[in-house]
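Have a look at the picture, then read on.

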Amino acid sequence: MEALALQHKEEQKRELTEKLIQLKKERNAIILAHYYQRDEIQEVADFRGDSFLLAQKAAQTDAETIVFCGVHFMGESAKILAPNKTVLIPDERAGCPMADMVNVDGLRKLKAQHPNAKVVTYINSSADVKAETDICCTSANAVRVIQSLDCDEIIWVPDKNLGHYVQQHTDKKMIIWEGYCNTHDMLTVKDVVEMRAKHPNAQFVVHPECRPEVVEMGDFVGSTTAIIDYCKKSDCQEFIVGTEDGTGYQLRLDSPNKAFHFATKYLVCPNMKVNNLKKLVKCLETMKPQIYVPPVVADQARISLERMLQVK
């Protein structure tokens, strides 16, 4: 019975994939998938990557339609950088609690209190917040972005954990917003200690969106892409992974002979996982839901994103 169900599932997947290939041609579409997506989405994507790489791909593509398999702010970033393209997202419920933790009114008040500060906003934020920002960054380039600014004071939004990590790498004064990533923030020191006891030969690789005391325990600290690269190149054969579990797809693909243990079973972003292959096909069939960003907001937000893309 179980074998039959599995067979049916595989058949359905094959049919959906064939339909997707056909729709992509018809719509002149490109599929961008974040590393935190389900395996079935990463398998069919034209590009897999973190927020930074996918923002670059959105800005550079010749395709008329961009399907962004990620969360809402990522689709917005693609639309801002490619305003003449149609940008689709498989499920518009794919939000980001961290992005929702910062609002325009609060940010404007903070800017009024610190008139000499430059605002650096993590890409995990809404278009409205990006429009109030001097420059955006990702976890991959946050330190470089801050060092590129000609100022002594930084207003940093919205992730306090990444802000704390960046603060260790700059002499600039940082005013840090109190937001955080629900998923990464769940990982505790106790989790890591327990995993290390189970896997004494493993290295602990961790994302700076985790709590500072957890990040301090890392053998390697970096963005999702940096973690993937490090594990691929490392001589170590076993890793405890401190980031979202969708990353396992690329880790296993790059290093099939290495072992990867996620530091806790709770490293799953429910928002990233609402997208699936069926919804991906349907959004290309119906050409919705489409991402819309008001032109006034998009024009302002584009400045902060393009400045980020220019930082070497």
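Let's start with Asp-46, which counts as partly exposed because its relative accessibility is 34%. Bear in mind that we're looking at a predicted model. Asp-46 teams up with Lys-24 in a salt bridge, with N and O 2.8 Å apart. The two come from distant parts of the chain, 22 residues apart: Asp-46 sits in the loop between helix H2 (39–44) and strand E2 (47–49), while Lys-24 belongs to helix H1.

Is Lys-24 buried or exposed? With 19% relative accessibility, Lys-24 counts as buried, because the cut-off is under 20%.

## How H1 meets H14

Helix H1 (residues 2–27) lies against helix H14 (residues 277–286) at an angle of about 30°, and their axes are 9 Å apart. That angle makes H1 roughly parallel to H14, because anything under 35 degrees counts that way. As for handedness, H1 and H14 cross in a left-handed manner.

Who does the touching? On the H1 side the contact involves Gln-12, Lys-13, Leu-16, Thr-17, Lys-19, Leu-20, Leu-23, Lys-24 and Arg-27. H14 brings Leu-277, Lys-278, Leu-280, Val-281, Leu-284 and Glu-285. Sort the residues in this H1–H14 contact by class and you get seven nonpolar, two polar and six charged. An α-helix has 3.6 residues a turn, so residues three or four places apart point the same way.

How many salt bridges does the model have? The count comes to 16 salt bridges. Side chains of opposite charge can pair when their charged atoms come close.

One of these pairs is Arg-93 with Asp-91, whose closest N and O atoms are 2.7 Å apart. Arg-93 is exposed, with a relative accessible area of 57%, whereas Asp-91 is buried at 8% relative accessibility. Another pair is Glu-178 with Lys-160, where the closest N and O atoms are 3.6 Å apart. This one also links distant parts of the chain, 18 residues apart: Glu-178 is in the loop between strand E8 (173–176) and helix H9 (182–185), and Lys-160 is in helix H8 (residues 160–167). Glu-178 counts as exposed at 57% relative accessibility, and Lys-160 counts as partly exposed at 28%. Going back to Asp-91 and Arg-93, salt bridges with shared partners join them and Lys-279 into one network.

## Helix H4, mostly covered

Now for helix H4 (residues 72–81), which is mostly covered, with nine of its ten residues buried. Those buried residues are Phe-73, Met-74, Gly-75, Glu-76, Ser-77, Ala-78, Lys-79, Ile-80 and Leu-81.

What do the buried residues of H4 pack against? Their partners are strands E1 (29–34), E3 (65–69) and E4 (86–88), along with helices H3 (51–60), H6 (127–130) and H15 (295–310).

## Around Phe-220

Last stop: Phe-220, found in strand E10 (residues 220–221). Val-206 is 14 residues away from Phe-220 along the chain, yet their C-alpha atoms are separated by 6.3 Å.

Setting aside neighbours within four places in sequence, Phe-220 is in contact with Phe-204, Val-205, Val-206, Ala-226, Ile-227 and Tyr-230.

Terms used. Residues numbered from 1 in each chain as written. Predicted model: local features only at pLDDT ≥ 70, side-chain atom pairs only at ≥ 80, totals over all residues. Heavy atoms only, no water. Axes fitted to C-alpha atoms, helices over the stretch in contact; angles between N-to-C directions. Helix = DSSP H or I, 4+ residues; strand = E, 2+ residues; numbered from the N terminus. Parallel < 35°, antiparallel > 145°, perpendicular 65-115°, else oblique. Left-handed = near helix turned anticlockwise from the far one by under 90°. Contact = heavy atoms within 4.5 Å. Nonpolar A, V, L, I, M, F, W, Y, C, P; charged D, E, K, R; others polar. Salt bridge = Lys/Arg side-chain N within 4 Å of Asp/Glu carboxyl O. Buried < 20%, exposed > 50% of the residue type's maximum accessible area, 1.4 Å probe, protein only.
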